[in-house]
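Student: I have a structure to read and some questions about it. Can we go through them one at a time?

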Amino acid sequence: MLKSKVKIKHCMILIFILFISLAALLFISLRHDPYAELTKINKDTKKVGEIMHQQEQKEDTYYLSLYYPKTNYTALDDTINNYITQYKKELTTHKDMLVYTLDYDIQNIFDHYVSLTFHKKIYDKQKQLKSSEDTSFNYDIKQNKLLTVDDVLRRNYLHYIKEIASKQNISFDITKDTLQSFIIRENELVFYFQNDMSKSLTIPYKQHQAYIKLQDKQIPSYFQGELAKSNQQTIDPNKKMIALTFDDGPHPENTKKIMDAIEAYGGRSTFFMLGQNVKRYPDLVKEVYTRGHEVANHSWDHSFRLSASLSNPMNKQEVTDELYDTNDEIYKTIGIEPTLFRPPYGAINNTLRQACEMPMVLWDVDSRDWETHNPRNIHDTILDGVKNGGQVILLHDIHKDTVKGVISVLKELHDQGYQFVSVSTLMKYKEKELTQANKDPVHNVIVTPLTKI
């Protein structure tokens, strides 16, 4: 009898253990994520912010797993949230089950930049990859802004990268749009194409220093300083505007006197500088810029061969050197890429048009200061030109008589209601007038890179 009771007790224990085991297995099976292997993440690649995770499932329609960072950088977090919102809009009804996943890599570059890349993948119910897509965002912590290709590369970078791609037998179409997918790293920029990081082009900083626009002291580039404009001009868009422009400088005495005179009326101007003079007077160039005037390109040394000569013009490479050697010198000095070019003698040929990627600025009032050297004639010529609708006045800050002529005419123009502005400011409000004044584009005040002669 005792043995029978023991057997019954052992059977009850075994049944209990079996029940517990089955319950545990059932619990585990219910808790098991059938897509766990598709949603694994590598925490080592997530070096900025807090790891966030959203998980969602709609039976027979989709399974969703999204990993993304919360960085506490407002502009970047807003972009991330917008990206997540757009991704979730893709969750629509399908005939078959789809699995949507999102992973990411994020790193801090020298406490200056944050580089984030999302990896989006979509699988079918058999866990076979249907599509994948890489999307990057690069954030400048100090400027609190997201960066585009124009923020990280300078000079004539489009042509340059095309040359690099050709040498490496990379056949992807190189445009500003296709170069928007990039990653900032400590030693290089990586551009990738068709939203696929495996299709990439690498630009090491050291080997391509002239083209690097990132301004961090640990990243090789031509400019390593910091300059800020002061006393910015206040513009009334309802008032008349003219642009006083000065060529061939800067001049150590005349340029400062001209700035003083124009600023006395709350104005600013554009100085089309020669590269050789920028190199000679870097502190003066810095002063022009920090005082809020516009620094623009007028070639390296005003060579007649650039585009004015009919018998011995420069070839395309020589023209490119004239333009970008000057841009380089200006960039080294103030950290700003000039956006305007004035051709010496106002001469434009097809070679210059092919080489120059900047708008070319001519004029509709020639003060003839270079010819008369007479302050009264300069004064009268400017007034007559403005009276007849002129908006961009050609002057030269290398002549003392020009300073006198400008000073004498400023009050009259100011009393007539004119604001003295830079060419870029004038373009902002009067672009149509300056670029479409004549059916023959070479006679327009501004000849854009897209205009064909």
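Predicted model: local features only at pLDDT ≥ 70, side-chain atom pairs only at ≥ 80, totals over all residues.

Student: Which strands are the edge strands of the open sheet?
Tutor: The open sheet has six strands in the order S1-S2-S3-S4-S5-S6, with mixed pairing. An edge strand pairs on one side only. The edge strands are strand S1 (50-58) and strand S6 (145-146).

Student: In which sense do strand S4 and strand S5 pair?
Tutor: Strands of a sheet pair through backbone hydrogen bonds, either parallel or antiparallel. Tyr 113 stands opposite Asp 140 in S5. Over eleven bridges, strand S4 (residues 113-124) and strand S5 (residues 129-140) pair in the sense called antiparallel.

Student: Is Thr 71 buried or exposed?
Tutor: Thr 71 sits in the loop between strand S2 (62-70) and helix H2 (74-88). Leaving aside neighbours within four places in sequence, its contacts include Val 48, Leu 76 and Ile 106. Buried means under 20% relative accessible area. The relative accessible area of Thr 71 is 8%, so Thr 71 is buried.

Student: Which helix gives the largest share of the lining of the largest cavity?
Tutor: The largest cavity holds about 30 Å³ of space. Its lining has six nonpolar residues, and no polar or charged ones, with Leu 153 and Ile 203 among them. Three residues of the lining, the largest share, come from helix H4 (residues 157-167).

Conventions. Residues numbered from 1 in each chain as written. Heavy atoms only, no water. 1 Å grid on protein atoms, 1.4 Å probe; cavity = no way out; pocket = protein on both sides within 12 Å on 5 of 7 lines; lining within 4 Å. Points joined across faces, edges and corners; volume = space filled by probe spheres on them. Helix = DSSP H or I, 4+ residues; strand = E, 2+ residues; numbered from the N terminus. Nonpolar A, V, L, I, M, F, W, Y, C, P; charged D, E, K, R; others polar. Buried < 20%, exposed > 50% of the residue type's maximum accessible area, 1.4 Å probe, protein only. Contact = heavy atoms within 4.5 Å. Pairing = 2+ DSSP bridges.
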